[in-house]
Amino acid sequence: MTFPHHRPRRMRRDDFSRRLMRETVLTADDLIYPVFVHEKSGREAIASMPGIERVSIDELLRVGEEAALLRVPALALFPVTPPEAKSLDAAAAWHEDGLVQRAVRALKARFPELGVITDVALDPYTTHGQDGLIDDSGYVVNDATVEALVKQAVSHAQAGADIVAPSDMMDGRIGAVRAAFERDGHIHTRILAYSAKYASAFYGPFRDAVGSAASLGKGNKFTYQMDPGNSDEALREVALDLDEGADMVMVKPGLPYLDIVRRVKQRFGVPTFVYQVSGEYAMLVAAAQNGWLDRRACALEALTSIKRAGADAVLSYFALDAARWLREG
């Protein structure tokens with residue numbers, strides 16, 4: 001039918017009809033809040049991520065309480081490792097009394113129903129800032145790194161993590177972690193695979209937050225993270241991780257890769273998560289601070305667009321604010 005018999009604006013005229021025909025609805029159930037945990041006491045502001053702080057474990061419990069009250073389903077933990085704990089072999093990553101392990105135990109003891117997701121990668125623990133172990137030429141070696149990642153993942157499961165999230169992009173690590181979990185009886189520990197993690201320029205503030213930027217220096221992660229120009233490769237990576245035992249897959253970053261999110265969801269139909277990364281957050285907040293954008297409106301619009309593309313959940317530094325805004329209506 002054509003105009004004037006069909007007038008699409010009729011359904012947009014009133015709030016009630018706009019709500020009735022809305023195809024994508026964002027709720028607190030769609031959100032995961034990433035948290036930076038440090039060994040210091042209290043909270044510490046992150047200059048490149050206004051409004052986000054590094055927190056001690058006791059402050060982490062306050063964050064957990066707020067998330068639980070807002071019905072945000074899960075927190076994702078990222079450690080800020082002191083320089084003296086970093087090494088070439090990243091051994092602090094799987095220490096049973098390490099920062100992440102203690103944080104997981106504290107959260108699960110206080111909030112057993114709150115999901116706890118841990119990052120499995122070595123970059124917070126290496127002196128060179130790479131996600132894996134390196135050879136004499138500085139190349140990140142795959143198989144030895146996978147062995148280290150398995151030890152790290154098992155230590156997280158033993159501490160009580162609900163989900164481990166290998167973000168390293170090494171080949172074969174999902175299968176190795178899954179086999180170790182089955183062998184050790186961690187049959188309920190889920191694996192969120194960072195399957196399509198791109199070598200993005202949007203990670204800068206995150207590296208400042210965890211303290212890996214200085215270690216990495218002028219180095220890059222092009223030999224293991226994906227080329228931003230590739231799309232078909234993402235589907236191959238997702239397929240491999242699912243075959244190896246991943247329960248969920250991740251696309252990272254978010255807004256610049258919504259086409260990848262759509263392709264992954266349409267092809268595989270599995271739980272598909274997206275990380276709205278630090279650079280995405282920082283851009284929106286900086287523009288809002290300059291009066292160029294409405295922080296609340298743009299953050300909710302960006303999150304809705306990620307869900308509309310096919311995401312089942314979004315890791316976002318806006319998660320707590322967004323849950324609060326959605327509750328307020």
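**Reading helices in a predicted model**

Biologist: Just after α10, which residue takes a positive phi?

Modeller: That residue is G291, whose phi is about 80°, and please keep in mind as we go on that this is a predicted model.

Biologist: How many residues of α10 are buried, and which elements do they pack against?

Modeller: A residue is called buried when its relative accessible area is under 20%. In α10, which covers residues 278-289, nine of the twelve residues are buried, so the helix is mostly covered. Among them are Y281, L284 and V285, and the buried residues pack against α6 (204-210), β9 (272-275) and α11 (295-309).

Biologist: Is E59 buried or exposed, then?

Modeller: By that cut-off of under 20%, E59 is buried, because its relative accessible area is 15%. E59 lies in helix α2, residues 57-69, and its side chain is joined to that of R43 by a polar contact of 2.8 Å. Leaving aside residues up to four places away in sequence, E59 touches G42 as well as R43.

Biologist: At roughly what angle do the axes of α3 and α4 cross?

Modeller: Angles under 35 degrees count as roughly parallel. The axes of α3 (residues 99-110) and α4 (residues 142-159) cross at roughly 25° and come within 8 Å, and the two helices are therefore roughly parallel to each other. The contact is made by V100, Q101, V104 and R105 of α3, together with S155, H156 and A159 of α4.

Biologist: Why might residues three or four places apart point the same way?

Modeller: An α-helix has 3.6 residues a turn, so residues spaced in that way point the same way.

Key
Residues are numbered from 1 along each chain as its sequence is written. This is a predicted model: local features need pLDDT of at least 70, side-chain atom pairs count only at pLDDT 80 or more; totals for chains, interfaces and linings use all residues. Side-chain values use heavy atoms; hydrogens and water are left out. Helices (H or I, at least four residues) and strands (E, at least two) are DSSP runs, numbered from the N terminus. Buried means under 20% relative accessible area, exposed over 50%, partly exposed in between (1.4 Å probe, protein chains only). A polar contact is a pair of N or O atoms within 3.5 Å; within protein, one must be able to donate a hydrogen and the other to accept it, and residues adjacent in sequence count only if both atoms are side-chain atoms. Contact means heavy atoms within 4.5 Å. The expected span of a helix is 1.5 Å times one less than its number of residues. Axes are lines fitted to C-alpha atoms, for helices over the stretch in contact, and angles run from 0 to 180 degrees between N-to-C directions. Angles under 35 degrees count as roughly parallel, over 145 as roughly antiparallel, 65 to 115 as roughly perpendicular and the rest as oblique.
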